[in-house]
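Please open the model in a viewer and keep a selection tool at hand. The stops below proceed from one element to the next.

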Amino acid sequence: MRALTASNSNAGSDETMMTRSFFCTLITIGIVLGLLCAGCSQKPQSDIVELRLTMWGTQEDVAFYNMALKEFYKEHPKIRVKLEIIPWIRVFDKLLISTAGGRPPDVSRISSNWFVPCAAKGLLEPLDEYIANDPTFDLSDFYQPAVKGWGTYKGHIYALPGDIDIYAMYYNKDMFRKYGVPFPDETWDWNTYLEAARKLTKDLNGDGRLDQWGCNPDSTWQAYVWQNGGDILNKEKTRCTLDQPEAYEAIQWMADLRQKHHVAPLPSDTADVGAQKLFTNGRIGMFVSGSWASPLVFQKEIKTFDWDVAPLPKGKVRASFIGGGAFGILKRSKHKKEAWELVKFMVSPTMQRHFAQTKHIIPSRRSVAESGAYLYLKDKPKNKRVFIEAISYGHPLPSVPCSREMNDLIANEITWAILGKKTAKEACLNITPHINDLLKYEND
């Protein structure tokens, strides 16, 4: 019994020791885990700021941007940039959604098509003070139509233009020579244009159907309205003015090129290949497009004829659409000081010179645009100066917060006139009150 008691006593002592040992082990593990967790929560201290830059572009552009940013890092070793390339058509929605979700990019490329809606919705940081307090930055080097067109809203600068998209008239020089038509120049007006288009329009195989046309209308219908002395909105931007004769007569003139004068292909003629392909195939004599179309399309596709570019023919006045891209700081960025440095770099002469030389993108900086970076390139078109000169008579789209909705509504209605299903006057009189309602709702 004693033995049993002694045995039980020893067993109890051993059990106690094992228990103590077990708890000591737990405490040790806890201390180690605690130290490890503490180590995990203490992230390596870094003074590097990472900026997110949203923009559209190609993979080729991405490679260039990443290479160019290495130069930016030399000047700003404590900044790194994460590129976020998304399709052009989705950038505006991306900015809206990411801002609402509290995670907007720091800097974004912004299209002239939706610059004003971005500024009006408060997505962008005003840049006036950054510009005024930065002695290294010279705003006067930028073309003012670009700064005002897609960089300024209600007297404040919200974005800096990085490029200019403006249109001129490409033409088939061999076709002009063949039919004895003088090349277009700055003296041309709508009558000269129509007369030349008639001479170039042909039924080449005698089957009773046209298979060569003198022209294709400018896809930017607004240009015709401006050329005819009209406008889309009144000066105060409170009322639509498409119900005025200067506006609907211009749109009718545009529609008549196809429906009345038959000097431009009908939609059924371009359904399979598109008007641009008809031009590069030598079946359209005059085609309106931007400077970027030369390296992107015409230099690659035109193999059988000589070509160049001329100013758009004038109506009562000379006018062309002007737009482009800009860079702005998102208002909810947490690194605005660093973002300003990135914006300056993205619109710098170095960046603009590259895209002028490789893609014929018209620089927004006067010093680059009027230098050898673009004007004196050896490739076609020869008459590159027309794009630079067109800046002085370029018209941006109306700068109202509802511009996207307004443009879509008008374009849908005017399509009926272009197709010959309505007169331009009927289409314009029909859409004008709807646009006025939209403007009134916005201003109330």
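Select strand β9 (284-290); 7 of its 7 residues are buried, so the strand is largely enclosed by the rest of the structure. Buried here means under 20% relative accessible area, with over 50% called exposed and values in between partly exposed (1.4 Å probe, protein chains only). Helices (H or I, at least four residues) and strands (E, at least two) are DSSP runs, numbered from the N terminus. The model is a predicted one, in which local features need pLDDT of at least 70 and side-chain atom pairs count only at pLDDT 80 or more, while totals for chains, interfaces and linings use all residues. Residues are numbered from 1 along each chain as its sequence is written, and side-chain values use heavy atoms, with hydrogens and water left out.

**The neighbours of β9**

Two strands count as paired if DSSP finds at least two bridges between them. Strand β8 (residues 213-216) is joined to β9 by 3 bridges, and these two run parallel.

Which residue of β9 stands opposite Ala168? That residue is Ser289, which counts as buried at 4% relative accessibility. Not counting residues up to four places away in sequence, Ser289 touches Ile166, Tyr167, Ala168, Tyr170 and Phe387; contact means heavy atoms within 4.5 Å.

Move along β9 to Met286, which has Cys215 opposite. Leaving aside neighbours within four places in sequence, the contacts of Met286 include Met169, Tyr171, Phe176, Trp188, Tyr193, Leu200 and Cys215.

**The nonpolar cores**

Met286 is also among the residues with the most contacts inside the largest nonpolar core, together with Trp221, Leu242, Leu257 and Ile410; this core has 51 residues. A nonpolar core is a set of buried Ala, Val, Leu, Ile, Met, Phe, Trp, Tyr and Cys residues joined through side-chain atoms within 4.5 Å. Apart from it lies another core, of 49 residues, among them Val116, Tyr158, Ile164 and Tyr374.

**The open sheet and β12**

Now select the open sheet of 5 strands, ordered β2-β1-β3-β12-β6 with mixed pairing. Its edge strands are β2 (79-85) and β6, each of which pairs on one side only. Strand β1 (residues 49-55) runs parallel to β3, with 2 bridges between them, and Thr54 has Ser108 as its bridge partner in β3.

Within this sheet, centre the view on strand β12 (residues 325-329), where 5 of the 5 residues are buried, so the strand is largely enclosed by the rest of the structure. Gly325, Phe327 and Ile329 point one way from β12, and Ala326 and Gly328 point the other way. Strand β3 (residues 107-111) runs antiparallel to β12 and is joined to it by 5 bridges; Arg109 has Phe327 as its bridge partner. β6 also pairs with β12 in the antiparallel sense, over 2 bridges, with Pro161 opposite Ala326.

On a 1 Å grid over the protein atoms alone, a pocket is an open set of points with protein on both sides within 12 Å along at least five of seven lines, a cavity is a set where a 1.4 Å probe fits but cannot get out, and lining residues have an atom within 4 Å of a point. Grid points are joined across faces, edges and corners, and a volume is the space filled by probe spheres set on the points.The largest share of the pocket lining, 6 residues, comes from α15. Select helix α15 (residues 349-359), whose buried residues are Met351, Gln352, Phe355 and Ala356. Seen down the helix axis, these buried residues fall within an arc of 130°, so they line one face of α15; the arc is that of the directions from the axis to the C-beta atoms. They pack against α2 (59-75), β6 (160-161), α14 (336-346), β13 (362-363) and α16 (366-369). Just after α15, His360 takes a positive phi of about 55°.

**The largest cavity**

The structure holds 2 cavities of 30 Å³ or more, and about 110 Å³ of space lies in the largest. Of the 14 residues that line the largest cavity, Ser112, Asn113, Gly149, Leu397 and Pro398 are the closest to its centre. To finish, select α4 (115-120), β11 (320-323) and α18, each of which supplies at least two residues of this lining; the largest share, 3 residues, comes from α4.
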